Amino acid sequence: MRIGSSIALIVIGAIIAFAVDYQVAGVNLNLIGFILMIAGVVLLIISLAVAFGGHRTTTTTRSGIDPASGEQITQQDRRDGTY
């Protein structure tokens, strides 16, 4: 959804910047179009970074001695997740 939204922002910004030939007093539509395109590119880069670079694996190891039996106990937890 994020990638689609950012592409939509790029497309809408390009349409406003290059295809709209309408003048509004006090509003620069070309500038608004370029701002939307830049925002879309930034969101696209962030979305791709999160989608493809956010995976990690965490492993935690704990060791201890059982007071009742005197045996050494080792517990290992592994978690796969995303940022």
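1. Buried residues of α1. In this predicted model, helix α1 has S6, G13 and A17 as its buried residues. These residues lie on the same side of α1, because the arc they cover around the axis is only 25°. Helix α2, residues 29-53, is among the elements that cover them.

2. Length of α1. The helix runs over residues 2-19, which is 18 residues.

3. S47 belongs to helix α2. Its relative accessibility is 8%, and since buried means under 20%, S47 counts as buried. Leaving aside residues up to four places away in sequence, S47 is in contact with R2 and I3.

4. The nonpolar surface patch. Which residues form the nonpolar patch on the surface? They are I3, I7, V11, I15, V20, Y22, V24, V27, I32, L48 and F52, and together they have about 950 Å² of accessible area.

5. Where the patch comes from. Helices α1 and α2 each contribute at least two residues to the nonpolar patch. The largest share is that of α1, with 4 residues.

6. Is I7 buried or partly exposed? With a relative accessibility of 42%, I7 counts as partly exposed, because that class lies between the 20% and 50% limits. S6, by contrast, is one of the buried residues of α1.

Technical notes. Residues are numbered from 1 along each chain as its sequence is written. This is a predicted model: local features need pLDDT of at least 70, side-chain atom pairs count only at pLDDT 80 or more; totals for chains, interfaces and linings use all residues. Side-chain values use heavy atoms; hydrogens and water are left out. The expected span of a helix is 1.5 Å times one less than its number of residues. Buried means under 20% relative accessible area, exposed over 50%, partly exposed in between (1.4 Å probe, protein chains only). The arc is that of the directions from the helix axis to the C-beta atoms. Contact means heavy atoms within 4.5 Å. Patches are made of residues with over 30% relative accessible area and no salt bridge: like charges are joined within 9 Å, nonpolar side chains (Val, Leu, Ile, Met, Phe, Trp, Tyr) within 5 Å. Accessible areas come from the Shrake-Rupley method with a 1.4 Å probe; for residues, only the protein chains shown count as cover. A salt bridge is a side-chain nitrogen of Lys or Arg within 4 Å of a carboxyl oxygen of Asp or Glu.
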